[in-house]
Amino acid sequence: MVKLTMIARVIDGLPLAEGLDDGRDLTDAEMYKQQVKALFKNLSKGHNEASRMSVETGPYVFHYIIEGRVCYLTMCDRSYPKKLAFQYLEDLKNEFERVNGAQIETAARPYAFIKFDTFIQKTKKLYQDTRTQRNISKLNDELYEVHQIMTRNVQEVLGVGEKLDQVSQMSSRLTSESRIYADKARDLNRQALIRKWAPVAIVLGVVFLLFWVKAKLW
């Protein structure tokens, strides 16, 4: 069965819509929603390049597709057919683009298209029972293949993002530290030059002063 459905803008992870009734009968629903938000955050940073992927999490699987600027994601039981899950997302994508496509880039607040929930709930009902003639026909549709879609573990996916963040932070820290060391090195070189040439400058200054005084006296 379809358990959760969420739609977000890829560039910044901004949630655009979700199924409002989703997760009410789901244990640890909030934990899975946090995982979804973490996935959206990773996608916004370009940590996953696949436009279609399945991500296993406990007894469930996240399936998502990315089209244009939007990620469409659903969480289903592991036993739910992968082909139906992705066809469900395709239906959501087609309608969301048709209705809200021109406003996606300008959306400034979370869940700006929350009214899309009506379509989500209506479409989800069509996909819940895998034994209906409609869904059996979709499962038998040889033109729609999902065998090539990669399946990964949620810890692996989120862990990659965390490691990349750590590498980025370390790189920034090393860059900052190298600037500090370079500044200190310049200061030390300046001080060394001053110590080296200051006595010479003082002697020359004294000699010049003596010549000037002698010239004045004469």
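Me: Which residues touch the most other members in the largest nonpolar core?
Reply: Happy to start there! Keep in mind that this is a predicted model. The largest nonpolar core has 27 residues, and Ile-7, Leu-16, Phe-96 and Phe-116 are the ones that touch the most other members.

Me: Which helices and strands each supply at least two residues of this core?
Reply: Look at β1, β2, β5, α2 and α3, each of which gives at least two residues to this core. The largest share comes from α2, with seven residues.

Me: Could we zoom in on one residue? What does Phe-96 touch?
Reply: Leaving aside residues up to four places away in sequence, Phe-96 touches Ile-7, Leu-16, Ala-17, Val-70, Tyr-72, Gly-101, Ile-104, Phe-113 and Phe-116. Apart from this core lies another one, made of 23 residues, including Leu-4, Val-36, Leu-73 and Val-154.

Me: Now the sheet, please. In what order do the six strands stand?
Reply: First the general idea: strands of a sheet pair through backbone hydrogen bonds, and they do so either parallel or antiparallel. Here the order is β2-β1-β5-β4-β3-β6, in an open sheet with mixed pairing.

Me: Why is one side of β2 and of β6 left without a neighbour in the sheet?
Reply: Strands β2 (15-18) and β6 (150-153) are at the edges, and each has a single partner strand, so one side of each has no neighbour in the sheet. On average, neighbouring strands of this sheet are turned by 20 degrees against each other, direction ignored.

Me: How many bridges join β4 to β5?
Reply: Eight bridges link β4 (residues 60-67) with β5 (residues 70-77), and these two strands run antiparallel. To find the pairing in the picture, look for Phe-62, which stands opposite Met-75 in β5.

Me: Where do helices α2 and α3 lie?
Reply: Take them in turn. Helix α2 (residues 82-100) lies across β1 (2-9), β2, β3 (52-57), β4, β5 and β6, and it runs at about 40 degrees to β4. Helix α3 (residues 117-128) lies across β1 and β2, at about 140 degrees to β1.

Me: Next, charged side chains. How many salt bridges does the structure hold?
Reply: There are eleven salt bridges. One of them joins Arg-9 to Asp-12, with their closest N and O atoms 2.7 Å apart.

Me: What about Arg-152 and Glu-156?
Reply: Their side chains meet in a salt bridge as well, at 3.4 Å from N to O. Arg-152 counts as buried at 17% relative accessibility, while Glu-156 is partly exposed at 43%.

Me: Which residues do salt bridges that share partners join into one network?
Reply: The network consists of Arg-52, Glu-67, Glu-90 and Lys-93. Within it, the side chains of Glu-90 and Lys-93 meet in a salt bridge of 3.8 Å, N to O.

Me: Why are Glu-90 and Lys-93 separated by about one helical turn?
Reply: Both belong to helix α2 and they are three residues apart, so about one helical turn separates them. Try the cut-off again here: Glu-90 counts as buried at 15% relative accessibility, and Lys-93 counts as buried at 9%.

Methods: Residues numbered from 1 in each chain as written. Predicted model: local features only at pLDDT ≥ 70, side-chain atom pairs only at ≥ 80, totals over all residues. Heavy atoms only, no water. Pairing = 2+ DSSP bridges. Helix = DSSP H or I, 4+ residues; strand = E, 2+ residues; numbered from the N terminus. Axes fitted to C-alpha atoms, helices over the stretch in contact; angles between N-to-C directions. Contact = heavy atoms within 4.5 Å. Core = buried A, V, L, I, M, F, W, Y, C linked by side-chain atoms within 4.5 Å. Buried < 20%, exposed > 50% of the residue type's maximum accessible area, 1.4 Å probe, protein only. Salt bridge = Lys/Arg side-chain N within 4 Å of Asp/Glu carboxyl O.
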